[in-house]
Each structure stands twice: as structure tokens, then as C-alpha cells.
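Please read these notes with the model open beside you. Take the points in order and find each residue as it comes up.

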Amino acid sequence: MKPEEINIYREIQKNTEMGMKAIETLSDKVYEDEFARQISRQSLKYSDIRNRAMNKLLEAKAEPVHSNHLSDMMLKGAVHMNTLFNTSTSHLAELMIQGSNRGITQMCKVLNHNPQAHAMSTELAKELMDFEEKNINILKKYL
């Protein structure tokens, strides 16, 4: 596997793990059942895409990204700070949309910096970006 593909799979892993951790942190603050189901479905899809990226990394005997406890704490701290005074569904949806936008931006950067990557890795990255776009459109109704 080319280093470019490894970079893409690692970014997919990092991106999806960030989404899952954000949802896990937010889920205690969700009081609307339909919204809770929606973000749970999103978390499952993130997990599926992450697992596929991890499998590719393991097949190539490439080192996956290891969780950074400091960045995990910063993410959780940011979520808690942003929801300290406002846990409305609208605000939570807005935070999720912002996170999805950051994820799309990061994936675009990685794809642009790794143009020699094989189609299989770029397809999974594009699937993740399409998923993020769909999430944004679904979450807009909660604003």
C-alpha cells in the first residue's frame, strides 16, 4: 500500500473516531428521542466506515492512528463548554453540523495532499464525505 493511501485511511480513522466521541459526549445531553436516534445511527455509520479503514490499515500492516488522550479531553471539554448553558436540540444539531463541516474540510485536505492514492482509499474517503453531507442536511431540520 502506498504511503498516500495510508495517510487517507488514517485520516478516515481519525475523522470517524472524532465523530463517534463527539456523539458519545453529546448523547447525555439529548432529550428529544428522534434526535437521539438520528445521532445514534450516525455513530453506527461512523463505526462502520472506521472499521473498513482500520481493516485496510491492518491488511497493509500499517500503524493506525493511536488515540491521543489530550485531544480526547479537549474534544470532550469543548463539547461540555459549548453545552454548559444551552442543551437545546437546535444547539446540539448546530454543534454536530459544525463538526461534520470540519470533518469534510479535513478529508478534502488529505485527498488534495495525496493525489497519487489508489481509488479504493479515495472512494472510502468520498463515502465518508457524502455521509457527512447527508448528516448536515438531516440535522438542518433540528435547527
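1. **Ground rules.** This is a predicted model, so local features need pLDDT of at least 70, side-chain atom pairs count only at pLDDT 80 or more, and totals for chains, interfaces and linings use all residues. Residues are numbered from 1 along each chain as its sequence is written, and side-chain values use heavy atoms, with hydrogens and water left out.

2. **Salt bridges overall.** Side chains of opposite charge can pair when their charged atoms come close. Here a salt bridge means a side-chain nitrogen of Lys or Arg within 4 Å of a carboxyl oxygen of Asp or Glu. The whole structure holds 10 salt bridges.

3. **E17 and R50.** Start with this pair. Their side chains form a salt bridge, at 2.7 Å from N to O. E17 belongs to helix α1 and R50 to helix α2 (residues 33-59), so the pair ties together parts that are 33 residues apart in sequence. Helices are DSSP runs (H or I, at least four residues), numbered from the N terminus. Is E17 buried or exposed? E17 counts as buried, because its relative accessibility is 12%. The cut-offs are these: buried is under 20% relative accessible area, exposed is over 50%, and partly exposed is in between (1.4 Å probe, protein chains only).

4. **A network of four.** Salt bridges link K45, D48, R52 and E127 in a network. K45 and E127 meet at 3.2 Å, N to O. This pair links distant parts of the chain: K45 sits in helix α2 and E127 in helix α5 (residues 119-139), 82 residues apart. K45 is partly exposed, at 28% relative accessible area. E127 is also partly exposed, at 25%. In the salt bridge between D48 and R52, the closest N and O atoms are 3.1 Å apart. D48 and R52 are both in helix α2, four residues apart, or about one turn of the helix. D48 is partly exposed at 34%, and R52 is partly exposed at 31%.

5. **The largest pocket.** How much space lies in the largest pocket? The answer is about 500 Å³. The search uses a 1 Å grid over the protein atoms alone; a pocket is an open set of points where a 1.4 Å probe fits, with protein on both sides within 12 Å along at least five of seven lines, and lining residues have an atom within 4 Å of a point. Grid points are joined across faces, edges and corners, and the volume is the space filled by probe spheres set on the points.

6. **The pocket lining.** The largest pocket is lined by 21 residues, and the closest to its centre are M18, A22, L75, G99 and R102. The elements that give two or more residues to this lining are α1 (3-26), α3 and α4 (89-113). Helix α4 gives the most, with eight residues. By type, the lining has nine nonpolar, eight polar and four charged residues. Ala, Val, Leu, Ile, Met, Phe, Trp, Tyr, Cys and Pro count as nonpolar, Asp, Glu, Lys and Arg as charged, and the others, Gly among them, as polar.

7. **G99.** Look at this residue again. G99 is in helix α4 and is partly exposed, at 31% relative accessibility. G99 and A22 lie 77 residues apart in sequence, yet their C-alpha atoms are 8.4 Å apart in space.

8. **A nonpolar surface patch.** M81, L84 and F85 make up this patch, with about 430 Å² of accessible area together. Patches take residues with over 30% relative accessible area and no salt bridge; nonpolar side chains (Val, Leu, Ile, Met, Phe, Trp, Tyr) are joined within 5 Å, and like charges within 9 Å. Areas come from the Shrake-Rupley method with a 1.4 Å probe; for residues, only the protein chains shown count as cover. M81 lies in helix α3 (residues 69-82). M81 counts as exposed because its relative accessibility is 60%.

9. **K61.** Most residues other than glycine have a negative phi. K61 is not a glycine, yet its phi is positive, at about 55°. K61 is in the loop between α2 and α3, and is exposed at 76% relative accessible area.

10. **N135.** This residue is in helix α5. N135 is buried, with 2% relative accessible area.
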